[in-house]
Amino acid sequence: MTIALSRPATGDYDPAVAGIVALAPDVIDAASQLITQRDAVGRLFTAVTEAAARHRYAEGKWTVREVLAHVCDCERVYAYRLLRIARGDETPLAGFDENTYVPAGRFESRQLASVIKEWMAVRDATIALVRGLPGDAWTRR
């Protein structure tokens, strides 16, 4: 099933992310885009060595492994938000502090392959969620 989504209109997102939103295509097929990204990210990180995954470009900055784990955490949070909105839940959505999540995840104690596998599973769950949403769920705010 194709789920064609248009770029969000001004006012539908925080103005601080306007530059990122401007990079999005005018219309995307949501599930196909998620699959394409899953495969590209999987290839990218599979090519990273364990030594490279421990790299920090500066003191106090995240390692490559922590960056991927952060992307995984964000995917979970955003999929949960999508689910809540799609189901008509109007309870205010809480924020999250990535600077608390990443250290608490202790990702440096894991093999990169484990984090990659987890991210792929999370993305697959997001794809399943997106594919299963009824059409009217996409217009909820």
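Select H2 and H6 to begin: their axes cross at roughly 175 degrees and come within 10 Å. An angle over 145 degrees counts as roughly antiparallel, so H2 is roughly antiparallel to H6. The model in the viewer is predicted.

Next, show the side chains where these helices touch. On the H2 side, select Ala30, Ala31, Leu34, Ile35, Gln37, Arg38, Val41, Gly42, Phe45 and Thr46. Their partners in H6 include Leu112, Ile116, Trp119, Met120, Arg123 and Asp124, and towards the end of the list Thr126, Ile127, Val130 and Arg131. Coloured by class, the contact of H2 with H6 shows 12 nonpolar, 4 polar and 4 charged residues.

Move on to H4, residues 64-86. After H4, select glycine 88, where phi is positive, near 85 degrees.

Now display the largest pocket, which holds about 2,000 Å³ of space. Which elements give two or more residues to its lining? They are strand S1 (4-6), helix H1 (18-23), helix H2 (30-46), H4 and helix H6 (112-132). H4 gives the largest share, 12 residues.

To centre the view, pick Leu5, Pro8, Val21, Ile28 and Tyr78, which lie nearest the centre of the largest pocket among the 41 residues that line it. Finally, colour the whole lining by class: 27 residues are nonpolar, 6 polar and 8 charged.

Conventions:
Residues numbered from 1 in each chain as written. Predicted model: local features only at pLDDT ≥ 70, side-chain atom pairs only at ≥ 80, totals over all residues. Heavy atoms only, no water. Helix = DSSP H or I, 4+ residues; strand = E, 2+ residues; numbered from the N terminus. Expected span 1.5 Å × (residues − 1). 1 Å grid on protein atoms, 1.4 Å probe; cavity = no way out; pocket = protein on both sides within 12 Å on 5 of 7 lines; lining within 4 Å. Points joined across faces, edges and corners; volume = space filled by probe spheres on them. Nonpolar A, V, L, I, M, F, W, Y, C, P; charged D, E, K, R; others polar. Axes fitted to C-alpha atoms, helices over the stretch in contact; angles between N-to-C directions. Parallel < 35°, antiparallel > 145°, perpendicular 65-115°, else oblique. Contact = heavy atoms within 4.5 Å.
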